[in-house]
Amino acid sequence: MVDKGQVISLCRFLLRAGRQYPDYNIREYAKRRTLDGFRVNKNLTDHSKVEGAYAEGKKQLEVVERVVKVYLAYPPKTKNIMELKLQ
Amino acid sequence: MASLSTSSLSFKAPSVQSTRTSQVLRKPLSFQPISFGRFQSSKNLRLQISCAAKPETVQKVSDIVREQLALSADTALTAESKFSALGADSLDTVEIVMALEEKFNISVEEADAQNITTIQEAADLIEDLAQKKPAA
């Protein structure tokens with residue numbers, strides 16, 4: 001049975017992994033998507049659905065970690081305009 | 001620091017700590033005069049951790065919480081406000097802790113992160129980690 005603590009841990013791992021992207025766009029997307037994904041399934045009570053969602057979350061975590069390595073190998077040369085402070 | 005005679009725990013900025021006596025005095029009052037001088041000079045890290053966080057830290061934490069939970073400007077945010085009382089569920093708490101990590105450039109452990117329930121606890125943890133970092 002997947003308990004609440006595990007779900008919260010998974011959310012935290014996903015958010016932390018998503019933070020490592022050097023590219024602004026995918027970094028923001030990862031954060032937005034994980035939070036949306038967890039919020040949509042927030043009120044699930046059916047045990048099998050919860051397990052399914054948790055398994056999918058774990059799969060996505062593997063994907064994120066793998067893709068982060070690829071992105072880190074080719075970091076962007078310039079900063080995205082959204083990252084520049086207003087002057 | 002001429003604060004040996006006062007009853008508030010004032011290892012750092014003396015003027016600030018007077019409001020926090022009720023919270024900070026976890027150690028019995030008699031303990032203070034004995035070890036105060038020694039701790040002051042050796043800057044014992046262990047005791048500093050149990051001190052209340054600075055008000056600037058609490059203020060910054062409050063600002064982040066206010067922004068994350070989209071609270072209106074007139075909702076009163078005290079150091080003792082619980083996140084759940086402000087309408088935050090566990091996911092919101094995770095988001096808040098992440099935002100705090102980014103803002104203060106610290107890394108919160110799993111176990112610590114699950115125990116944060118009020119603004120004061122968050123501020124204390126931040127101060128704790130900010131102190132440990134330069135020492136490491």
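Predicted model: local features only at pLDDT ≥ 70, side-chain atom pairs only at ≥ 80, totals over all residues.
Residues are numbered from 1 along each chain as its sequence is written, chains are lettered from A and ligands numbered from 1 in the order in which they are written, and side-chain values use heavy atoms, with hydrogens and water left out.

**View 1. Overview of chain A.** Chain A has three helices and zero strands, in the order α-α-α from the N terminus; helices (H or I, at least four residues) and strands (E, at least two) are DSSP runs, numbered from the N terminus. Of the 87 residues in chain A, 28% are buried, that is, under 20% relative accessible area with a 1.4 Å probe, protein chains only. Among contacts (heavy atoms within 4.5 Å) in chain A with a separation of 6 or more, 79% join residues 24 or more positions apart. The accessible surface of chain A is about 6,500 Å², and carbon and sulfur atoms hold 56% of this area, as computed by the Shrake-Rupley method with a 1.4 Å probe.

**View 2. Interface of chain B and chain A.** In this interface, 15 residues of chain B contact 13 residues of chain A. The size of an interface is often given as the accessible area lost when the parts come together. Here the buried area is about 1,400 Å², with 53% from carbon and sulfur atoms; this is the accessible area (1.4 Å probe) that two parts lose on being put together, summed over both. B:Leu91, B:Met98 and B:Glu110 provide 40% of the area that chain B buries against chain A, more than any other three residues.

View 3. Seven salt bridges (a side-chain nitrogen of Lys or Arg within 4 Å of a carboxyl oxygen of Asp or Glu) cross the interface of chain B and chain A. One of them pairs A:Lys42 with B:Asp89, whose closest N and O atoms are 3.1 Å apart. On the side of chain B that touches chain A, the elements giving two or more residues are α5 (90-104) and α6 (110-114) of chain B. The largest share, nine residues, comes from α5(B).

**View 4. Surroundings of B:Thr118.** B:Thr118 is located in the loop between α6 and α7 (119-135) of chain B. This residue counts as buried because its relative accessibility is 8%. Leaving aside residues up to four places away in sequence, B:Thr118 touches B:Ala79, B:Glu80, B:Ser81, B:Lys82 and B:Phe83.

Technical notes
Buried < 20%, exposed > 50% of the residue type's maximum accessible area, 1.4 Å probe, protein only.
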